[in-house]
Every structure is written in C-alpha cells, then in structure tokens.
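Good morning. Please have the sequence and the model open while I talk. I will go through the cores, then a sheet, then some salt bridges.

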Amino acid sequence: MNDLQKRQQRQRQYLEQTDIATQAVRAGSVSGIEQEHNDAIYATSSYVFASAQEAAICFGGKHEGNIYSRFTNPTVRAFEQRIAAMEGGERAVASSSGMGALTSIFLGHLKQGDHIVSSCSIFGSIISLFDNILAKLGISTTYVSPSDLSAWQAAIQPNTKMLFLESPSNPLAELGDIAAVSALAKSVGALLVVDNCFCTPILQNPLALGADIVMHSATKYIDGQGRCVGGVAIGSDELMEPIFGFLRTAGTTMSPFNAWVFLNGLETLGLRMQAHCQGALKLANWLQDQPQVERVYYSGLESHPQHQLAKQQQRLFGGVVSFEVKGDQNAAWRCIDATQLMSITGNFGDAKSTITHPATTTHGKMTLEARALAGIKDNLIRVSVGLEAYADIEADLAQALHQL
Ligand SMILES: *Cc1c(COP(=O)(O)O)cnc(C)c1O
C-alpha cells in the first residue's frame with residue numbers, strides 16, 4: 001500500500017462515524033484511481049490481468065478484482081458504497097433502473113409458488129411486474145392498504161416470502177408503519193422490502209426501522225436533474241448476494257456514466273431535499289386555503305391522518321404535494337394546461353417543478369377498480385416542488401387555479 005492508499009483507508013474508517021451529510025459527499029471511492037480529486041468514470045467493458053493465473057483466480061471468484069462491467073465496475077461500486085453508507089446498509093447493488101432493481105430483488109429472492117403481500121398504493125409499473133410478469137412465473141401477489149396493519153396480517157399465507165411497501169405512497173402520501181410491518185414480516189419469516197424513492201436516505205432510513213431491503217429509483221431525487229435512469233437495492237451482504245447473482249447473469253446492470261451522475265447527485269441530495277421539503281410544506285398549506293381546491297394530500301399537514309407517524313419515521317415530509325381540484329378530470333386538465341412555469345411530465349424529484357395528472361398518466365394502466373381502491377381520483381393533480389423561487393411556484397399555481 002502506498003501513502004495515498006493508506007490515507008484513503010484511514011479516511012474510509014473515519015467516515016463510519018460521520019453524519020449522513022458528510023457520507024453523502026465522501027463515502028465510496030472509485031478504486032484504482034490515484035491522486036484523482038474527483039470521482040472518475042471507468043468507461044470500460046472489461047479489465048485486463050497481469051497473467052493467465054490472475055485471470056483464472058478472478059474468474060473463479062476467489063479474488064475481488066473486476067472481470068467485466070456487466071458484473072462490476074469501479075464507478076458503479078463507488079455509487080453503491082456511498083448510498084449503502086447513507087442508508088446504513090452493508091452493501092448496495094446498483095441496477096439499470098428502479099424497475100431493474102425491483103426485478104433483481106424479486107427474481108433474486110423468490111421462486112415459483114411464493115407469495116408477496118404488497119401495499120396497493122405503489123408505483124404503477126410495479127403492479128404490472130407483479131400481475132403480468134411474476135404471476136406468469138407462479139409468484140402471486142395480494143394487495144392491501146398500506147396503513148391497515150390488520151389487512152397486512154390477514155393477507156399472510158403459508159407461502160408468503162416477501163412484504164412490499166412504498167412509504168409515503170405516490171401520489172397520495174399514504175404511510176405504512178415500517179417498524180410494525182417489519183415486525184409482522186419477521187414473525188412469519190418473510191422479507192420486508194421498502195421503496196424509499198419519495199424520501200431518499202436523507203428523510204428516512206427503512207433499514208434502521210427494521211426493513212430487510214430498501215430500494216430506490218435513482219432516476220428521481222438521487223439524480224435530481226432528470227438526466228439518467230437507474231436504481232439500487234441496499235441491505236445486508238447476505239441479502240444482496242442473490243440480487244447481485246441475478247443481476248450479473250440477467251444483465252440489469254447500471255452503466256458507469258449513470259453511476260457517475262448519481263454519485264455526484266448524492267453530494268447535493270441533503271441540501272436539495274431540504275429545499276424541496278420546505279417549498280412543499282409551504283405549498284401544501286397555501287393550497288388548503290384555495291377555494292378551487294377540494295383536498296390536499298401531504299403528510300406534513302396537521303390534518304393528514306398519519307401526521308404523527310410521518311414525524312416519527314421521517315425527518316421531513318417530502319417534496320411532492322397532491323391535491324384534488326373542485327370538479328372533474330376536465331378541471332384538473334385545465335389547471336395543468338394553464339400553468340406557465342411547471343413542466344407537464346410523469347417524473348418527479350427534479351430541480352424543475354413538475355405537474356402530473358396521475359389518473360391518465362403514471363397510474364393510467366391500472367384498472368378502474370384498482371385505481372379506485374388506491375383512491376386516485378380523476379380530479380387529482382400531483383406537483384413535485386422544484387428548486388425555483390417558492391414565490392414563483394405559488395404564483396404559477398395561483399394563476400392556473402384562478403382560471404377554473
Ligand atoms: C420511478 C419509480 C420507480 C421505478 O423506477 P424507474 O427508475 O423508473 O425504473 C419505482 N418506485 C417509485 C416509487 C418510483 O417513483
């Protein structure tokens with residue numbers, strides 16, 4: 001080990017005792033780079049060896065070295081190390097997208113005949129994954145309301161191997177009690193997987209609350225500027241190994257360029273989340289007082305039925321606010337079309353404020369009954385509060401609502 005490597009090793013050990021804000025900037029290094037100030041992109045598909053014997057040892061899995069970038073890549077590993085530190089997990093496995101991470105989690109851990117209990121308020125594509133793809137492989141899913149603990153309990157079957165929860169949910173900010181659902185999972189020998197996209201590790205650490213695996217779509221706040229698609233699973237070494245095993249064979253791998261974008265995104269995530277959350281809280285309070293607004297969904301409001309739980313398991317309340325306008329789908333569309341500043345898109349977690357009509361876009365593929373069960377009405381609008389000046393965001397919605 002040279003002097004620089006020794007110093008870097010000391011730094012890695014020191015980081016274990018530091019705050020999440022420090023870990024977000026410092027944890028995980030792109031190994032192999034010497035005297036490089038910034039994290040670099042390893043744009044390589046494969047790696048060379050000093051000898052035939054070294055190649056044989058690496059391929060045999062007896063040595064940590066890189067073989068091929070479908071399996072490992074130094075830039076991707078740096079991203080994995082940084083987010084693992086921030087979530088308080090032993091190891092992370094990065095994927096091509098949030099859905100790639102979920103596919104790797106489910107197919108890495110489940111087999112034909114297994115059963116999943118899932119919150120009904122989850123990202124739309126995950127419902128397609130459960131109902132159209134996993135179902136075809138003989139893995140069945142029962143849906144329950146995330147906040148109804150007795151429903152979770154009642155849905156357990158002898159073959160239940162996994163519980164799946166997104167908290168807070170999209171778009172209605174419904175919470176699941178992670179500690180309570182985790183206790184139920186443990187009591188029946190199942191794994192609890194938590195989708196932590198909306199909170200990011202800055203607001204909520206599901207592993208500390210008892211979850212076994214936490215996942216993110218890095219596409220959202222972790223990137224934060226709408227550039228790349230990516231995902232990641234985090235947990236113990238033991239639980240990550242089958243996920244990695246699936247990924248290296250199935251190829252749901254993150255690209256080094258995307259890993260580099262996310263690695264840099266993590267450095268500003270704490271400051272950005274504070275700004276997103278501050279704006280969202282102000283906007284939710286303001287929306288409550290508008291005559292054209294029927295109802296506001298935001299866990300930071302005292303009127304939210306799970307405000308206490310949100311205070312317990314989250315540090316802040318998130319950057320997304322949903323609200324129903326008075327009227328039907330037509331009124332919601334008119335309000336969306338009347339905004340001048342916001343981007344009309346399905347994405348959230350961007351520096352730019354975005355506005356979405358969930359019933360016809362992100363949740364448009366759900367059956368009418370499933371959408372009704374999830375409580376997503378035709379007059380619902382979702383706003384992801386961006387980093388523009390708050391007064392401009394409010395003014396944009398004010399003039400849009402005024403036209404109803
Ligand atoms: C976007 C999203 C996903 C899927 O992630 P992709 O990166 O789009 O594949 C999963 N869960 C939630 C809550 C999301 O918002």
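Which residues touch the most other members in the largest nonpolar core? They are I105, F106, I116, F130, M162, F164 and I213, out of 36 residues in that core. A nonpolar core here is a set of buried Ala, Val, Leu, Ile, Met, Phe, Trp, Tyr and Cys residues joined through side-chain atoms within 4.5 Å. Buried means under 20% relative accessible area, exposed means over 50%, and partly exposed is in between, with a 1.4 Å probe and protein chains only.

Before going on, this is a predicted model: local features need pLDDT of at least 70, side-chain atom pairs count only at pLDDT 80 or more, and totals for chains, interfaces and linings use all residues. Residues are numbered from 1 along each chain as its sequence is written, and side-chain values use heavy atoms, with hydrogens and water left out.

Helices (H or I, at least four residues) and strands (E, at least two) are DSSP runs, numbered from the N terminus. Take F106: leaving aside neighbours within four places in sequence, F106 is in contact (heavy atoms within 4.5 Å) with I126, L129, F130, L134, M162 and F164. There is also a second, separate core of 34 residues, which includes A92, Y221, L263 and C277.

Now the sheet. It is open, with 5 strands in the order β8-β9-β12-β11-β10 and mixed pairing. Two strands pair if DSSP finds at least two bridges between them. β8 (293-297) and β10 (343-344) are the edge strands; each has a single partner, so one side of each has no neighbour in the sheet. β10 runs parallel to β11 (residues 354-356), joined by 2 bridges, and I344 has I355 as its bridge partner in β11.

Last, salt bridges: a side-chain nitrogen of Lys or Arg within 4 Å of a carboxyl oxygen of Asp or Glu. The whole structure has 9. One joins R82 and D39, at 3.2 Å from N to O. R82 is in helix α4 (residues 74-87) and D39 is in the loop between α2 (20-26) and α3 (52-59), 43 residues apart. Both R82 and D39 are buried.

Another joins K377 and E324, with the closest N and O atoms 3.9 Å apart. Is K377 buried or partly exposed? K377 has 44% relative accessibility, so it counts as partly exposed, whereas E324, at 2%, counts as buried.
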